[in-house]
Amino acid sequence: MLTGFPILSTLIWLPIVGGLLVLFAGRNNPTLAKWLSLFTVGLTFILSIPLWTGFDTTTASMQFVENVPWIPMFNINYHLGVDGLSMPLVLLTTFTQVLVVVSAWDVIKERVEQYMGAFLIMGGIMVGVFVALDAILFYVFWEALLIPMFIVIGKWGGPKRVYATLKFFLYTFLGSVFMLVAFLYMYYQSGSFSILDFHVMHLGMTAQILIFLAFLAAFAVKIPMFPVHTWLPDAHVEAPTAGSVVLAAIMLKMGGYGFVRFSLPITPDASMTLDWLVIGLSLIAIVYIGVVALAQSDMKKLVAYSSISHMGFVTLGMFVVYDIMQSTGSMQGAQLGMEGAMVQMISHGFISGAMFLAIGVLYDRMHTREIAAYSGVVNKMPWFTMFAVLFAMANVGLPGTSGFVGEFMVILSSFKANIWYGTLAALTLIIGAAYTLWMIKRVFFGPVTNENVEKLQDLNKREFALMATLAVFVIGLGVFPSPLIEVLHTSVEHLLVQATTSKL
Amino acid sequence: MNFVIPSFTPAVPEMVLLALISTILIADTFWAKRFQFATYYATQISLVVVGFLIISSFATVPVITFDGSFVRDSFGDVLKLFVLAVSFGVFFFGREYLVQHKFFSGEFFVLGLFSVLGMFVMISAHNMITMYLGLEIMSLAIYAMVAMRKESAGAVEAGLKYFVLGALATGMLLYGFSMIYGATGSITFPEIADIIASGKADTVVLSFGVVFVVIGLAFKLGAVPFHMWVPDVYHGSPTAVTLFLATAPKIAAFAMLYRLLAEAMPDLLKDWQSLIIMLSVLSLIVGAFVAIVQDNLKRMLAYSGIGHMGFLLLGVIAATPDGYASAMFYVVIYAITGVAGFGVIATLSRTGKEFDLISDFKGLNARNPWLALMILMIMFSMAGVPPFIGFWAKLLVVEEIIQAGFLWLAVLAVIAAVISAFYYLKVIKAMYFDTPEDASKLEPANSRLTIGVSSIAILLLVLGLLPGTMIDVFFNSLNVVS
């Protein structure tokens, strides 16, 4: 690898430029648009692999750094870099982009170039969110992402798409502006917009609490946490398949990433004081939203609620560390919780992406997501059923799948913190199993009861390839999670030191 | 008493402009029949010439002339350049609109140029008389422009409304000027500032003066509660004129505000700051909520403009050189975006079809995807969503207001920004998500218009990606002054 090659910039701008090219060159030529998109995302993914292979797991400092002045007057820099927390998320993003393009291959018929272009641009922006080390740069990417997503949901979504997309945009916009005010306040205090400077600046308790709440407003909406989660089911149900995949696999992770990059290191004392709030909301999400999922009759809505519930584990794992430190005084339990949260994020990226793709496969054939419209799909689509059941099991958290690793680590650490947290979190394994398996039973098994199901065709090669790739990751991460944990380890250790060192 | 001939050099751009206008005014009567667009081209060339004059003699240190009544400084030069640029855009779109709606005439451009001259004088005013003269030159020309379309009842009504309310506002301003003069005995800004600082002025009279001046300024800016004329006049005027009166005069009005409040009365900060806070808060709220229910794009943009004035005033509330610079940046970005916003209407407007209802934009993406994309960029820039330049404008004023210690105002402002995002999204929704009533292709009357809209929209994006230089220019121009 050439030293000094701006790999992160390439990962941001290649898809954006590619997206623009697709937008203009692909007009009236859908085939060109598709191949150009595939080429771009493929190249981006390949170029992102050196991040993994060239990553130094022994240091928690930023790697692949690029730093050039952007707006010198306000000390705003184009500052990029990755550590163990963000690198896996970048790879998840570039990988998901490939899935998105392939999944839309012959499904999207209307304005293919706009669809592909929007997703490519989104891909670049999402990488930008994960690698930005300047608060304003981060905010620019964070907000810019809303624009293509707004168009994608509103244009290619289902019947209530306009309502859903407006709700999505305004909810996330409202959450983010508070974060912006917090950034500006910290700039006022520190004279810098660098996130790394924010990490070491001292802040009073009141300021910390306000900043923490501002961050919470932004990240809670994105994750989404109870009670600001209501945009997600709407957006998911109305979004096209790839939109759901991107939403669930990556956009939700931005909220979780925000907590580890901003809330915990910048406002450790406020995080400690208010950890009950986040833990409480997480447990509500895990249990209550799990129960809500049970009642859904729409498959996508069910998976959307299940996403909220699973993201509850992420926030739980992140904030339970304070209780562990208090009750056991050991960093090790905390490390387990935090790593569990990170693994859960990555794993959920694969599983939720897979679940939405599976629903997309059915929807493309039957044009309905109502569970009641299906029965006995296994008789007609045995291969598909195999994959779907695998992903469902991963969603439940079956050992041997990636879903197990993160959830198990988080539950284990919750028990260390407080037996009740652990019990409540573990409850979800039952609820999760209930709603997922019940859906599987109703959709895939039983007799074929209607003629539409009778006509179903099994997976074609493209779909098979998609499903198989995801299955490899889901199982691979499940049986052999240590490379991922190794990448995370040093950075998480560093994060925990930051999160537990008082800044008062 | 000796009469010393003052230095004319600082006022060369104004004098050249005046000479050019006079020439065009006379020539127009001769060539109007034979070369329809000669006046238009002459006008645009004049703007460019004056622009080059300003750039070539850019004022790095302030120069005062005409016995202290006229100042040339970098603050003024930057604003003048943008007045020229914005007017150039206005005339560009205006010409096509006038042709489409069949009332093309040279007067539009000549009046516009006079108005630009008035703005120049306002921007360079160094005492209250010059300020008043500039304001009148600018306003009188615009009153006539609004009512130019004699056969349209709406336009005449708008002209009358604008004239009466504008005259009222000017009256208020003059009344304020006279009180300030009464209290301080001076009309020159720095002298007023010195006398106020020395504590020799009568504070009661002075505070009344401040109130009247601020009311007059609020009228001109269209800040709540002195905004009632804005939607009616914007709506009633022909779009070509709305384009003008919604953009360039705001830059001049900001210059007036800066000269009067920051240069003449910095020590009365306590008196006028609370007034401006009220104006700003009300403008933000009214601008955010009332625009939502508008179904006419011109009215919507009028209310959104009121909201933008609320943002601009935030920078003034901060009352630091950087605060004023952020407000200055904001007003210029607002004017450029405004040209694009109203320019879109002028672009799509046809004989017999005004194209100013939001419902007219339904399904534009299917009818003209390129133009829809450009409008999308303009709307997101107005909403303040990155990576467009509108985001930086908002960011800077909010940043300055936080520096000044008004955290609550910052929070209120960003909430207002979120609410106002809704109505910009409504336009985008109409273009992208609604099905058109008439699915036929829609091309502007001529491809120049597409190029015009596209270049501004792309400019908004490019400036948004690389805003460093522009921010430097603005913030340095004010730091030299102080």
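Student: How do the residues that line the second largest pocket divide into nonpolar, polar and charged?

Tutor: In this predicted model, 42 residues line the second largest pocket. Sorted by residue type, its lining comprises 19 nonpolar, 10 polar and 13 charged residues.

Student: Which element gives the most to the lining of the second largest pocket?

Tutor: Elements of both chains take part: in chain A, H6, H10 (231–238), H11 (241–266), H15 (331–366) and H21 (461–479) each supply at least two residues, as do H15 (364–367) and H18 (407–432) in chain B. The top contribution is 6 residues, and the helix that makes it is H15(A).

Student: Which residues are the closest to the centre of the second largest pocket?

Tutor: The space in question amounts to about 740 Å³. Among the residues lining this second largest pocket, those closest to its centre are Val107(A), Ile108(A), Trp156(A), Gly157(A) and Pro240(A).

Student: What is the volume of the largest pocket, and which residues are the closest to its centre?

Tutor: The volume of the largest pocket is about 860 Å³. It is lined by 35 residues, and the closest to the centre come from both chains: Ile16(A), Leu20(A), Ile121(A), Phe388(B) and Leu461(B).

Student: How many residues of the lining of the largest pocket are charged?

Tutor: Helices that give two or more residues to this lining are H1 (7–25), H4 (112–131), H5 (135–144) and H6 (146–156) of chain A, with H16 (369–383) and H19 (447–465) of chain B. By residue type, the lining of the largest pocket has 31 nonpolar and 3 polar residues, and the number of charged residues is 1.

Student: How many salt bridges are there between chain A and chain B?

Tutor: The contact draws 37 residues from chain A and 45 from chain B. Together the chains bury about 3600 Å², of which 84% is on carbon and sulfur atoms. Across the interface, 3 residue pairs are in polar contact. For salt bridges between chain A and chain B, the count is 0.

Student: Which element of chain A supplies the largest share of the side that touches chain B?

Tutor: On this side, H1, strand S1 (63–71), H5, H6 and H7 (161–190) of chain A each supply at least two residues. The side of chain A that touches chain B divides into 29 nonpolar, 3 polar and 5 charged residues. The largest share, 16 residues, comes from H7(A).

Notes. Residues are numbered from 1 along each chain as its sequence is written. Chains are lettered from A and ligands numbered from 1 in the order in which they are written. This is a predicted model: local features need pLDDT of at least 70, side-chain atom pairs count only at pLDDT 80 or more; totals for chains, interfaces and linings use all residues. Side-chain values use heavy atoms; hydrogens and water are left out. On a 1 Å grid over the protein atoms alone, a cavity is a set of points where a 1.4 Å probe fits but cannot get out, and a pocket is an open set with protein on both sides within 12 Å along at least five of seven lines; lining residues have an atom within 4 Å of a point. Grid points are joined across faces, edges and corners, and a volume is the space filled by probe spheres set on the points. Helices (H or I, at least four residues) and strands (E, at least two) are DSSP runs, numbered from the N terminus. Ala, Val, Leu, Ile, Met, Phe, Trp, Tyr, Cys and Pro count as nonpolar, Asp, Glu, Lys and Arg as charged, and the others, Gly among them, as polar. Contact means heavy atoms within 4.5 Å. Buried area is the accessible area (1.4 Å probe) that two parts lose on being put together, summed over both. A salt bridge is a side-chain nitrogen of Lys or Arg within 4 Å of a carboxyl oxygen of Asp or Glu. A polar contact is a pair of N or O atoms within 3.5 Å; within protein, one must be able to donate a hydrogen and the other to accept it, and residues adjacent in sequence count only if both atoms are side-chain atoms.
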